[in-house]
Amino acid sequence: RRASADEKSKIEACSREIDALRESLRGAEESTLKDPLTGIGNRRLFDTAIRKAVDESNARRTPLSLIMCDIDHFKRVNDAFGHHVGDEVIRALAGVIEANVRETDSVARYGGEEFAIILPGTTQKVAKEMAERIRRKFGAKSFSIRKTQQKIGQVTASFGVAEHRPGDDVATLVQRADAKLYEAKAHGRDRIADFGERK
């Protein structure tokens, strides 16, 4: 009986160790998909999520939209106030985006000051409404340097919106959303461009 109890105790200890290792591995996997500055998804998470979303949209013939957004004149902010202020601005936009998306959506820092929002089951019209809400709320923020209380003022962002078309692959969808983002910037920034607009 004693031997049996010892074996049981060893098995339980091994089981606890395995659970701890699994939890540790899960944490490590999650950290590789998170952007360290903002805590939202990183480019790796985006690549995985967009592939899955496009595959599902093609298979189920359900709508899918992609929003690409970029902070306007970000280099000026960095040059004038320093990278720590630039980081605050990036974190602020990430926070506004996160507060205005649904659980089913995926948000990622696409690179530098650019963000991507994947919206499964969403038409371009609804995606544009969401982008407008984020644009307004971010643009309403007023930034200042905490230590000196120096006013930085408002910072804006531009948005490109594209809806997945039947047969679109990931590259095509991203390319179209990106093209609209650059169109928004070319037409004066602090605005949204989508494929419903005729310039």
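Me: Which residue just after α6 takes a positive phi?

Reply: Quick caveat: this is a predicted model, where local features need pLDDT of at least 70, side-chain atom pairs count only at pLDDT 80 or more, and totals for chains, interfaces and linings use all residues. Residues are numbered from 1 along each chain as its sequence is written, and side-chain values use heavy atoms, leaving out hydrogens and water. Helices (H or I, at least four residues) and strands (E, at least two) are DSSP runs numbered from the N terminus. Just after α6, the residue with a positive phi, about 120°, is G188.

Me: How far apart are the end C-alpha atoms of α6?

Reply: Helix α6 covers residues 170-186, which is 17 residues. The expected span is 1.5 Å times one less than that number of residues, so α6 should span 24 Å. The model agrees, with its end C-alpha atoms apart by 24 Å.

Me: How do α2 and α6 lie to each other?

Reply: Their axes (lines fitted to C-alpha atoms over the stretch in contact, with angles from 0 to 180 degrees between N-to-C directions) are 10 Å apart, at an angle of about 110°. The classes are roughly parallel under 35 degrees, roughly antiparallel over 145, roughly perpendicular from 65 to 115, and oblique for the rest. So α2 and α6 are roughly perpendicular.

Me: Which residues of α5 make the contact with α4?

Reply: Helices α4 (residues 83-99) and α5 (residues 124-139) have axes that come within 9 Å and cross at roughly 140°, and are therefore oblique. Contact (heavy atoms within 4.5 Å) involves V89, A92, L93, V96 and I97 on the α4 side. On the α5 side are I134, K137 and F138.

Me: Which residues of α3 make the contact with α4?

Reply: The axes of α3 (residues 74-81) and α4 come within 7 Å and cross at roughly 140°, so α3 and α4 are oblique to each other. From α4, the contact takes in H83, H84, V85, G86, V89 and I90. From α3 come F74, V77, N78 and F81.
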